[in-house]
Amino acid sequence: VAEPGWVDVERYLTDVVVRPDPAHKRALASAVEAGMPAIEVAPNAGKLLRMLVQMSGARRVLEIGTLAGFSSMWMAQGLPDDGRLVTCEFLQKHADVARANLDAAGVGHKVDIRVGAALDTLPTLAGQESFDFVFIDADKENDSNYLDWAIRLGRPGTVIVVDNVIWDGAILEPERDQVNAPGIIKMLDMMGQDPRLDATAIQTVGSKGWDGFAIARVR
Ligand code: SAM
């Protein structure tokens, strides 16, 4: 199917409205140089995350899936100077690239990168001050586990955003991707049915293909 100008429109909106700063552009270039996959959020989504952090008045943000720190950078910019972003990343190499990018952007002092499997890291965060905002963007197989942890580490009013919830439409044809699609579907079911949550989901098109995000508020 021909894509009707989605990527050009995204580029236009990014240039005219989003206006990423040089640190964002350097972070994207560093990920390419390090041979990392270009699976970070698009700039317009990154800025949405920053604005949601600001609009929710968040002081403590949790991220699952750091990569080169692109989404971390946007969210950290939305935090007050004494705010905190804890971001979980499996690969040391990704964490190292992210650390350099976040320091270069002047937000490194707000960011704590925890290396390891997120399901091992998340229990160590229990008993601390609750998180006000959570962004889930790692291995989709574990989306529902991460959503459960986000609720447990949050409080009433915590905002939770989960990326990649459409997966090129595979949520309706899970046989196309038997690893990721079932994890996304399970998480979406939980978004709709868990009494602890109020949620919606939005599909998007653009440089990242046909995808979308879900957003929930802890009741
Ligand atoms: N949020 C990033 C952004 O938009 O800039 C993109 C994150 S990328 C889609 C997913 C990241 O999750 C990768 O860096 C991958 O190494 C990491 N990851 C995968 N499985 C993980 C796990 N079990 N625990 C923690 N991180 C994991």
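Visitor: What makes Asp168 count as partly exposed?

Guide: Residues are called buried under 20% relative accessible area, exposed over 50%, and partly exposed in between, with a 1.4 Å probe and protein chains only. Asp168 has 45% relative accessibility, and therefore it counts as partly exposed. Asp168 is found in the loop between β5 and α8, where helices (H or I, at least four residues) and strands (E, at least two) are DSSP runs numbered from the N terminus.

Visitor: What should I know about the origin of these values?

Guide: This is a predicted model, in which local features need pLDDT of at least 70 and side-chain atom pairs count only at pLDDT 80 or more, while totals for chains, interfaces and linings use all residues. Residues are numbered from 1 along each chain as its sequence is written, and side-chain values use heavy atoms, with hydrogens and water left out.

Visitor: Why is Asn164 called buried?

Guide: Asn164 has a relative accessible area of 13%, so it is called buried. Asn164 lies in the loop between β5 (159–163) and α8 (180–193).

Visitor: What is said about the phi of Asn164?

Guide: Most residues other than glycine have a negative phi. Asn164 is not a glycine, and yet its phi is positive, about 65°; Asp168, not a glycine either, has a positive phi of about 55°.

Visitor: Why is α4 described as largely enclosed by the rest of the structure?

Guide: Seven of the eight residues of α4 are buried, and so the helix is largely enclosed by the rest of the structure. Among the buried residues of α4 are Phe70, Ser71, Met73 and Trp74.

Visitor: What makes Thr66 a buried residue, and what does its side chain contact?

Guide: Thr66 is buried because its relative accessible area is 2%, and it lies in the loop between β1 (60–64) and α4. The side chain of Thr66 makes a polar contact with the side chain of Thr87 at 2.7 Å. A polar contact is a pair of N or O atoms within 3.5 Å; within protein, one must be able to donate a hydrogen and the other to accept it, and residues adjacent in sequence count only if both atoms are side-chain atoms.

Visitor: Which residue does the side chain of Asn142 contact?

Guide: The side chain of Asn142 makes a polar contact with the side chain of Asn145, at 2.7 Å. Asn142 is placed in the loop between β4 (133–136) and α7 (143–152), and its relative accessible area of 17% is the reason why it is buried.

Visitor: How many residues surround the ligand?

Guide: There are 22 residues around the ligand, and the closest are Gly65, Ser71, Glu89, His94 and Asp137; a residue is counted as near if one of its heavy atoms lies within 4 Å. Both α4 (70–77) and β2 (84–89) supply at least two residues each to this shell.

Visitor: Which polar atoms lie by the ligand's oxygen and nitrogen atoms?

Guide: A polar side-chain atom of His94 is 2.9 Å from an oxygen atom of the ligand, and a polar backbone atom of Ala118 is 2.9 Å from a nitrogen atom of the ligand.
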